[in-house]
Amino acid sequence: MSPTGSRAPGEAVTAWRPERVPGIAEVLHARFVRHRYPVHAHSTWTVLIVDDGAVRYDLDRRTHGTEEAPVTLLPPGVAHDGRAAGGSGFRKRVLYLDPAALDPGGSARGGPVGAAVDRPGIADPVLRRRLDELHRALVVPGEELHAESRLALVAERLTRHLDPVAETGPALSADLADRLRDLLDTRLADGVTLAEAGRLLHAHPGHLVRAFSRRFGLPPHRYLDARRVERARSLLLGGTPPAAAAAAVGFHDQAHLHRRFVRLVGVTPGRYARSGPATR
C-alpha cells in the first residue's frame with residue numbers, strides 16, 4: 001500500500017530499499033490517521049503487520065481487516081485499498097517482496113496468488129514474531145546476514161501457508177552445515193550473503209539456515225558474529241584500536257562491533273583491551 005496525499009498531524013512514513021538483502025523490493029514503516037489508500041495493485045507481495053490500531057481493506061471486492069489475524073499477505077497484481085478501522089489510526093510495518101520470493105512459477109491466479117486472495121489473513125504468532133525480528137534487523141546497519149536469515153525463514157513459512165501440502169524440502173544435512181561453516185570461516189572479513197552461499201552450495205537459503213541451526217545450535221549470522229568477535233578480541237589485546245579492529249574483522253563500523261562485543265563478552269571493546277593486569 002503506497003501512501004498518497006497530505007499527512008495529518010502525527011502521521012509519518014519511513015521507506016527504504018535494503019540493497020544488500022535480496023528478495024526485498026522495499027520496506028515501509030508508517031503511522032496514519034486519516035489517510036485512505038485508493039484502489040491500486042502492486043507488482044510485489046505485500047506482507048503487513050500492524051503494531052497499533054487496525055486496517056480495513058477490500059481485496060478483490062471482498063472486505064477484510066487486520067484484526068482478523070496478526071499477519072496480512074496481499075498478492076501481486078490484485079486490486080486492494082486501505083483505511084484505518086478506527087478514529088485513532090494505525091501504525092504498520094510492511095515488506096514488499098519480489099514476486100519470485102513466494103511464487104517461483106510466476107504468480108498464476110490459481111496458485112499462491114489465488115490462495116492469498118482467498119486467505120489474506122494469517123493467524124500465525126510464530127510468523128508474526130519472525131517478521132518483527134526481520135524488521136528489527138533491517139533497520140540496523142551491518143545486520144544484512146541476520147536479515148537474510150530471518151527472511152529465508154519468513155518466506156518458507158509464508159509458502160507453507162499458501163500451499164499447506166507443499167514439500168518441506170530435503171532432509172537437513174550435517175555435511176551441508178559443515179560446508180556453510182567452512183565458507184563463513186573463509187569469508188570472515190568479507191562476509192557472504194545467504195543468496196550467494198545458496199548458489200555456491202546448491203541449496204535454498206532457508207534450508208541452509210535450518211541445517212546450520214540444527215547442526216550447530218545457532219543460525220549462521222550468530223556464528224559469524226561470534227567468530228568476528230573472537231578475532232577482534234585477539235586484535236584488541238594486541239593493541240589494535242577498536243575502529244581498526246572492527247574494519248579488520250568485517251563489522252560495519254565501530255558501533256556494530258561495540259554492540260556485538262558487549263552482547264557476547266559483557267564489556268566494551270575499549271574496556272576489554274585495557275583489562276590486563278597492571279605492570280610495574
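**Exercise 1. Helix 3 against helix 6**

Task: In this predicted model, work out how helix 3 and helix 6 are oriented to each other, and which residues make the contact.

Solution. 
- Step 1: Start with the geometry. The axes of helix 3 (residues 144-162) and helix 6 cross at roughly 110° and come within 8 Å.
- Step 2: Classify the angle. Angles of 65 to 115 degrees count as roughly perpendicular, and helix 3 and helix 6 are therefore roughly perpendicular to each other.
- Step 3: List the contact. Helix 3 contributes Ser-149, Ala-152, Leu-153 and Glu-156, while helix 6 brings Pro-205, Gly-206, His-207, Val-209 and Arg-210.
- Step 4: Sort by class. The contact of helix 3 with helix 6 holds 4 nonpolar, 3 polar and 2 charged residues.

**Exercise 2. A charged residue in that contact**

Task: Take Glu-156 of helix 3. Is Glu-156 buried or exposed, and which residues does it touch?

Solution. 
- Step 1: Find the residue in the model; Glu-156 sits in helix 3.
- Step 2: Compare its accessibility with the cut-off. Buried means under 20% relative accessible area, so Glu-156, at 15%, counts as buried.
- Step 3: Look around the residue. Leaving aside residues up to four places away in sequence, Glu-156 touches His-204, Gly-206, His-207 and Arg-210.

**Exercise 3. Helix 5 against helix 6**

Task: Repeat the analysis for helix 5 and helix 6: what angle do they make, and how do the residues of their contact divide by class?

Solution. 
- Step 1: Helix 5 (residues 194-201) and helix 6 (residues 205-216) pack at about 90°, and their axes are 9 Å apart.
- Step 2: With that angle, helix 5 and helix 6 are therefore roughly perpendicular to each other.
- Step 3: On the helix 5 side, the contact uses Leu-194, Ala-195, Ala-197, Gly-198 and Leu-201; on the helix 6 side, Pro-205, Leu-208 and Val-209.
- Step 4: The residues of the contact of helix 5 with helix 6 divide into 7 nonpolar, 1 polar and no charged.

**Exercise 4. Following Leu-201**

Solution. 
- Step 1: Check burial. Leu-201 has 10% relative accessibility and therefore counts as buried.
- Step 2: Collect its contacts. Not counting residues up to four places away in sequence, Leu-201 touches Leu-176, Arg-179, Leu-180 and Leu-208.
- Step 3: Leu-201 and Leu-176 are separated by 25 residues in sequence, and their C-alpha atoms are 7.5 Å apart.

**Exercise 5. Helix 7 and what covers it**

Task: Which residues of helix 7 are buried, and what covers them?

Solution. 
- Step 1: Begin with the span. Helix 7 (residues 220-237) has 18 residues and reaches 26 Å from its first C-alpha to its last, close to the 26 Å expected.
- Step 2: Pick out the buried positions: Pro-220, His-221, Tyr-223, Leu-224, Asp-225, Arg-228, Val-229, Ala-232, Leu-235 and Leu-236.
- Step 3: Name the cover. Helix 3, helix 4 (174-186), helix 6, helix 8 (242-249), helix 9 (254-265) and helix 10 are among the elements over these buried residues.
- Step 4: Gly-239 follows helix 7 and has a positive phi, near 100°.

**Exercise 6. The start of helix 2**

Task: What does a side-chain oxygen of Asp-124 reach at the start of helix 2, and which residues of this helix are buried?

Solution. 
- Step 1: Helix 2 (residues 125-138) has 14 residues and spans 20 Å between its first and last C-alpha, close to the 20 Å expected.
- Step 2: At its start, a side-chain oxygen of Asp-124 comes to within 3.1 Å of the backbone nitrogen of Val-126.
- Step 3: The buried residues of helix 2 are Leu-127, Arg-128, Leu-131, Asp-132, Leu-134, His-135, Ala-137 and Leu-138.

Key. Residues are numbered from 1 along each chain as its sequence is written. This is a predicted model: local features need pLDDT of at least 70, side-chain atom pairs count only at pLDDT 80 or more; totals for chains, interfaces and linings use all residues. Side-chain values use heavy atoms; hydrogens and water are left out. Axes are lines fitted to C-alpha atoms, for helices over the stretch in contact, and angles run from 0 to 180 degrees between N-to-C directions. Helices (H or I, at least four residues) and strands (E, at least two) are DSSP runs, numbered from the N terminus. Angles under 35 degrees count as roughly parallel, over 145 as roughly antiparallel, 65 to 115 as roughly perpendicular and the rest as oblique. Contact means heavy atoms within 4.5 Å. Ala, Val, Leu, Ile, Met, Phe, Trp, Tyr, Cys and Pro count as nonpolar, Asp, Glu, Lys and Arg as charged, and the others, Gly among them, as polar. The expected span of a helix is 1.5 Å times one less than its number of residues. Buried means under 20% relative accessible area, exposed over 50%, partly exposed in between (1.4 Å probe, protein chains only). A polar contact is a pair of N or O atoms within 3.5 Å; within protein, one must be able to donate a hydrogen and the other to accept it, and residues adjacent in sequence count only if both atoms are side-chain atoms.
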